[in-house]
Amino acid sequence: MKGMWSLLLCLCTVAVPVAGVAAESVPDPVETLMREARVTGLALAVIHDGKVAELKTYGLRDVERNLPLTPDTTMYAASLTKGAFAYAVMGLVRDGRLDLDRSIADYLPRPLPEYEKYADLAGDERWRRLTPRMLLAHTAGFPNFRFFTPQGYDEHAKLAFAFDPGSRFAYSGEGINLLQFVIEHGLGVDVGTLMQERVFDRFGMRGSGMTWRDAFAANLAQGYDEGGESLGHKQRGAVRAAGSMDTTLRDFAAFLAGLSRNEGLDAGTRDELFGAQVRIDSVQQFPTLSTETTTDNAAIELAYGLGWSVYRTQEGRAFFKGGHDDGTRNIAVCVRDGRDCLLLMSNSSNADSIFPYLIEYKLGPVCFPWYWQSYLPYDHPELRAPDANAQPHPPCTGWPLPAKVASR
């Protein structure tokens with residue numbers, strides 16, 4: 001199958017002004033993709049060699065009021081929060097305040113089940129095996145959240161281990177929030193303050209916060225579902241390391257650029273953060289407790305680091321972190337040993353259906369594991385068929401841009 005990149009090179013060549021043809025007459029492929037996939041708003045940043053090289057926004061932050069999305073619009077970060085939290089935690093590791101391989105029991109003043117939030121674990125001593133490394137690498141043995149059960153959503157579900165800690169990968173916001181609990185109750189460090197000092201202040205992220213601020217309302221992105229219906233914007237009142245952050249394109253691009261420059265990290269903490277802690281052979285990241293496996297991503301050595309997914313390409317190691325909620329789709333991906341990055345943030349539930357195209361358009365053929373991340377291209381409905389998981393989805397084989405885009 002012909003790769004996306006050759007067609008994108010053609011597209012880029014077409015975009016060069018020629019005699020008698022105005023440059024503005026060439027459509028922006030991003031706008032074309034958004035229109036075809038019905039994406040409300042999209043914010044895009046490119047980091048090159050550790051510096052922000054491009055900030056661009058498309059579409060609307062508020063359809064009802066016809067307000068444009070801007071680089072300073074407040075957007076929900078969702079699980080991008082986890083990546084920033086992991087960075088802040090590695091500062092505690094670098095300072096000798098937290099040992100990645102020490103039992104959380106050594107930090108807490110009381111046994112974990114004696115705290116009301118974790119009383120469900122009473123009688124299961126496996127909690128003592130948990131370490132900060134396991135919690136950051138998603139090998140704790142928990143579901144994503146306790147209310148996501150194999151039988152479906154259950155608001156009354158109890159927290160329980162689905163497998164032995166450290167034995168396999170299963171993405172878990174529950175585990176990330178437990179590490180927040182350990183840091184706050186064991187180290188006496190407020191995670192909201194930690195994020196402010198170690199992340200927001202360091203990188204000049206004045207439009208970001210772990211909880212809602214009234215100032216955000218002046219330039220706010222409303223979320224929109226697959227049908228274009230408004231979902232509003234939740235005003236989160238409690239710090240949650242797994243995903244309470246509001247931020248802006250400009251702010252998170254500044255963080256990503258700093259991360260690509262290793263700012264605030266020494267060689268040891270960076271190698272831990274982006275080192276392969278656990279190999280991944282699941283077909284898709286969600287549902288998190290699925291036991292379906294694949295060899296699709298063996299060639300790129302897909303794995304999880306600490307708070308970030310990691311893999312390898314011919315041009316060096318790469319890392320990425322997504323952020324997903326109703327009306328929110330985000331992805332930050334860095335390649336070429338983390339020096340070149342792309343940040344995509346959207347207030348539309350349809351946006352991830354164009355992310356594979358945009359990643360290759362901006363970064364080149366980087367073998368992004370799009371199927372594992374559930375970024376199913378909008379123009380390939382067969383990928384949503386019941387038997388899709390049984391088919392091969394090698395990440396280094398992509399689709400060309402839609403013909404109506406690539407041929408122009």
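## A tour of the predicted chain

Helices (H or I, at least four residues) and strands (E, at least two) are DSSP runs, numbered from the N terminus. This is a predicted model, where local features need pLDDT of at least 70, side-chain atom pairs count only at pLDDT 80 or more, and totals for chains, interfaces and linings use all residues. Residues are numbered from 1 along each chain as its sequence is written, and side-chain values use heavy atoms, with hydrogens and water left out.

Zoom out. The C-alpha trace spans about 75 × 50 × 45 Å along its principal axes. Of the 408 residues, 55% count as buried (under 20% relative accessible area, with exposed over 50% and partly exposed in between; 1.4 Å probe, protein chains only).

Next, select Phe85, Leu130, Leu178, Val199, Phe255, Leu259 and Leu343. In the largest nonpolar core, which has 74 residues, these touch the most other members. Such a core is a set of buried Ala, Val, Leu, Ile, Met, Phe, Trp, Tyr and Cys residues joined through side-chain atoms within 4.5 Å. Now colour α3 (80-94), one of the elements that give two or more residues to this core. α3 gives the most, with 9 residues.

Click phenylalanine 255. Beyond its neighbours within four places in sequence, its contacts (heavy atoms within 4.5 Å) include Tyr87, Phe203 and Trp308.

Last stop: asparagine 330, in strand β14 (residues 328-335). Is asparagine 330 buried or exposed? Asparagine 330 counts as buried, because its relative accessibility is 1%. Show its side chain: a polar atom there lies 3.0 Å from the backbone oxygen of alanine 77.

Terms used
A polar contact is a pair of N or O atoms within 3.5 Å; within protein, one must be able to donate a hydrogen and the other to accept it, and residues adjacent in sequence count only if both atoms are side-chain atoms.
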